[in-house]
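Biologist: I would like to learn how to read a few features of a protein model, slowly and with care. Could you take me through them?

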Amino acid sequence: MTSVIERLQGDGPRFSIEFFPPRDEADEAVLWRSVRELEPLDPAYLSITYGAGGSSRDGTIRSIARVATETTLCPMAHLTAVDHSVSELRNVIGWYAAVGVRNILALRGDPAGEVYGDWVPHPEGLTYAEELVELIRSLGDFCVGVSAFPYGHPRSPDLESDTKYLVRKFRAGADFAIAQLFFEAEDFLRLRDRVAAAGCDALVLPGIMPLTTPRTLHTTVKLSGAPASQRLLDRLEPLSDDPKAFRAAGIDAVTELGEKLLAEGVPDLHFYTFNRSKATREVVTRLGLVPARA
């Protein structure tokens, strides 16, 4: 099984995609239509998320197994430590390996039900993401990713502390990090610079969401943990009542963001898709990230 790192070592920049496990048969049909539409574009890898407290564990395992066995894509599964004992985590990691998945994004995870609620470790579980990285590494030849936060994790007191925790995850054995959502290229580049200044040369990748509706803009604000830049708001908010104009401007804004990141030598743009493919296909095509045969 090819690793994420190996997939990013070729010539030129790439793109990757993220999905969440389907809740029902209708969701599953949407997911697999999007997978099949994006597969010919040869993304570097495809990741599938893991619900808080393992709430979507079975769906994640089932979906990632299909990716591994029924497509040409390089699969990466998410795994969170929330509400899991070490024994349960070992079992999930073993299931991933059994279906041919060797790339895992290791996350501490948010409390089930309340993202910013008190985080209480399982009495027989782990407390930090770096411990999950170490556990995965101890169980086989896995390529391990972690999360990074351009604006700092909500629980970190400051950016200096947040950078220290990220570097500790790399020291524990993580191969790369994927940054949570942000609004300006400089926000991500400052994160990358902070990691480099801490003496760490590990790979940090940007996470991007196509802005197609006011709802996706508001979701991006919520998930990033920071307000949108005034420049972006001035560009998009006047179009909130015109869906077609908002979508066109949002796609333009995300394409321009990608252009700036690629110009700074970023090797991969990771797209949060909401299990849809059209907007991501538009952006990566405009950025020249689609192979000539696609």
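Biologist: Is Asp42 buried, partly exposed or exposed?

Modeller: This is a predicted model, in which local features need pLDDT of at least 70 and side-chain atom pairs count only at pLDDT 80 or more, while totals for chains, interfaces and linings use all residues. Residues are numbered from 1 along each chain as its sequence is written, and side-chain values use heavy atoms, with hydrogens and water left out. Buried means under 20% relative accessible area, exposed over 50%, and partly exposed in between, with a 1.4 Å probe and protein chains only. Asp42 is partly exposed, with a relative accessible area of 25%.

Biologist: What is the phi of Asp42?

Modeller: Most residues other than glycine have a negative phi. Asp42, although not a glycine, has a positive phi of about 55°. Asp83 also has a positive phi, near 60°, and is partly exposed with a relative accessible area of 42%.

Biologist: Which residues touch the most other members of the largest nonpolar core?

Modeller: In soluble globular proteins, nonpolar side chains tend to be buried together. A nonpolar core is a set of buried Ala, Val, Leu, Ile, Met, Phe, Trp, Tyr and Cys residues joined through side-chain atoms within 4.5 Å. Here the largest such core has 74 residues, of which Leu79 and Tyr96 touch the most other members. A second, separate core of 15 residues includes Leu8, Leu105, Leu107 and Ile178.
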